[in-house]
Amino acid sequence: MKRTVIYIALFLITIKSVAQNKKESYNNTRNWRYEVEGIGEGKEGTYLVKIWSYSKKPRVAIEQAKKNAIHAIIFQGYIGNNRISSQPPICSNLEAQKLHEAFFNSFFSDKGSYMKYISISSDGVVSDGDRIKIGKEYKIGIIVSIRKDLLRKDLESNGIIKSFGSGF
């Protein structure tokens, strides 16, 4: 009997923790708090970036970083340095996220279709220098390789952006 009560208590704690993580992930996605830096040239058709995300829980920040990396490539781009060139955002329309809200809500949902544009992620191994405690939250940095050509093509086919040849 005691064992059953303990298992039920552990189950309820796990459910509460999952719900809190989902709520925090939703809030982080809605607020888009991140920093992005280009770190190198990936294979042709990809960008290699380091994305820094913020959250009270390191695991949530790591998962959010993948969404943030895709969001940055679509809406922000990144500044280059002496090794790599700057990259403009794929979508230059600042209102696109609001205009296509239903699409992006689904796209950036947990385990949403944004994941198919991530080819490599260093989220399994976060070095000590990439895990920084700032007050009550963590700043976590991970390296992500993004399939930007495929992302662009899919955004074009969904009517989010115009293709290069369509005129502006």
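Me: What makes the charged end of Lys139 sit over the ring of Trp52?

Reply: The distance from the ring centre is 5.0 Å, and a charge sits over a ring if NZ of Lys or CZ of Arg is within 6 Å of the ring centre and within 35 degrees of the ring normal. Bear in mind that this is a predicted model, where local features need pLDDT of at least 70, side-chain atom pairs count only at pLDDT 80 or more, and totals for chains, interfaces and linings use all residues. Residues are numbered from 1 along each chain as its sequence is written, and side-chain values use heavy atoms, with hydrogens and water left out.

Me: Which ring has Lys133 over its face?

Reply: That's Tyr138, with Lys133 at 4.6 Å from the ring centre.

Me: Why is the pair of Phe103 and Phe107 called stacked?

Reply: Rings of Phe, Tyr and Trp (its six-membered ring) pair if their centres lie within 6.5 Å; planes under 30 degrees apart count as stacked, over 60 as edge-to-face and the rest as tilted. Here the centres are 5.5 Å apart and the planes are at 20 degrees, so the pair is stacked.

Me: And what makes Phe104 and Phe107 edge-to-face?

Reply: Their planes are 85 degrees apart, with 6.1 Å centre to centre.

Me: Why does Phe107 count as buried, and why is Phe103 called partly exposed?

Reply: Buried means under 20% relative accessible area, exposed over 50%, partly exposed in between (1.4 Å probe, protein chains only). Phe107 has 2% relative accessibility, so it's buried, while Phe103, at 24%, is partly exposed. Phe104, at 2%, counts as buried too.
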